[in-house]
Amino acid sequence: MSGDTLEERLARAEGRIEVLLEQQNPPPKSIWRRLASIETLKNLVFLVAFPASLFLAFEKFDREILSVRENRILEQKNIAIDRLDQLQDLNSEIYQLQSQDKGDVAFAIIEAKRGQMARLTDTVYTTWVKYSDMFGRYDLNALAEALLVQKRTEEALQVANSVQLDGLRPIDRIDQNILKARILFSEGPAHDMEAARDILRAAMATTSEIERVGQQYLMIEKIGTIRLSNEWWRNTDCGKLMEIAEPLRAVHKENMALGAYEDRFGVGFTLAGVEFACSDAPMESVAQD
């Protein structure tokens, strides 16, 4: 040591002082040193890995469960639409025969295809109950008609009532009310003659909103024929039938006078039938109910 120069001794002393200072004021730990404990690392892994594992689990659920469910729903909807198309074809065939005064043939078709219609209707109705927003107005009406044919009037009325009337033209609103009235007139759980009459009275009032006179007269004929024919089949007394028949006859004459007229609703046939059944009762002009 004695041989050391003063400069060397001062350098060594300075080095020892720096070591002492570092020991008294240690430098801050780096992020990795702070996370070195097992507990901290566990917490970090949980925070980072849990959202990732949750995402992966949901992705698997979506792929294996939700996608299967969506495919099943889509398959059910496609089946329902196919069955509905078949129902509409049957309804159309029956309606055409009835409008051509071939009710006996229509009845025979209904009887022959009763089982087929029941199966088709069950499939479509079950799908509608599960997915009520998938059908449009015409689809719902076809389903209600099929339920009506099978005398499932409570379900038919439920379907008919689900059609939104807001935004419909007066003629379309009238047609919806006619469908409801026919359901209420028919035999079954929903049978309610007075409710059916009230609905047709409201429909008759709506005819004033139709701009074209020809269309207005046609809808009055349609409403009047539905009312008269159902009252007739329900054995309403002739006095009441005459109150309905006389104004209907007057409108029917007006329509025939317009020329190129087609009796789409069987007004003439219905009037003739009521007149024959009530031949002993005079056809006096009275105010329409």
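Me: What is the handedness of the crossing of H6 and H7?

Reply: The crossing of H6 and H7 is left-handed. That label applies if the near helix is turned anticlockwise from the far one by less than a right angle, and clockwise would be right-handed. Helices here are DSSP runs (H or I, at least four residues; strands are E, at least two), numbered from the N terminus. Before we go on: this is a predicted model, where local features need pLDDT of at least 70, side-chain atom pairs count only at pLDDT 80 or more, and totals for chains, interfaces and linings use all residues. Residues are numbered from 1 along each chain as its sequence is written, and side-chain values use heavy atoms, with hydrogens and water left out.

Me: Why are H6 and H7 called roughly antiparallel?

Reply: Their packing angle is about 165°, with the axes 8 Å apart. Axes are lines fitted to C-alpha atoms, for helices over the stretch in contact, and angles run from 0 to 180 degrees between N-to-C directions. Over 145 counts as roughly antiparallel (under 35 is roughly parallel, 65 to 115 roughly perpendicular, the rest oblique). H6 and H7 are therefore roughly antiparallel.

Me: Which residues make H6 and H7 meet?

Reply: On the H6 side, Leu140, Leu143, Ala144, Leu147 and Leu148 meet Thr153, Glu155, Ala156, Val159 and Ala160 of H7; contact means heavy atoms within 4.5 Å. By class, that contact has eight nonpolar residues, one polar and one charged. Nonpolar here covers Ala, Val, Leu, Ile, Met, Phe, Trp, Tyr, Cys and Pro; charged is Asp, Glu, Lys and Arg; the others, Gly among them, are polar.

Me: What makes H9 roughly antiparallel to H10?

Reply: H9 and H10 pack at about 165°, their axes 10 Å apart. That angle is why H9 counts as roughly antiparallel to H10. H9 also passes H10 in a left-handed crossing.

Me: Why is glycine 224 called buried?

Reply: Glycine 224 is in helix H10. Its relative accessible area is 5%, and buried means under 20% (exposed is over 50%, partly exposed in between; 1.4 Å probe, protein chains only). So glycine 224 is buried. Leaving out residues up to four places away in sequence, it touches Met204, Ile244 and Leu248.

Me: What makes up the largest nonpolar core?

Reply: That core has 35 residues, and Trp128, Leu143 and Val159 are among those with the most contacts inside it. A nonpolar core is a set of buried Ala, Val, Leu, Ile, Met, Phe, Trp, Tyr and Cys residues joined through side-chain atoms within 4.5 Å.
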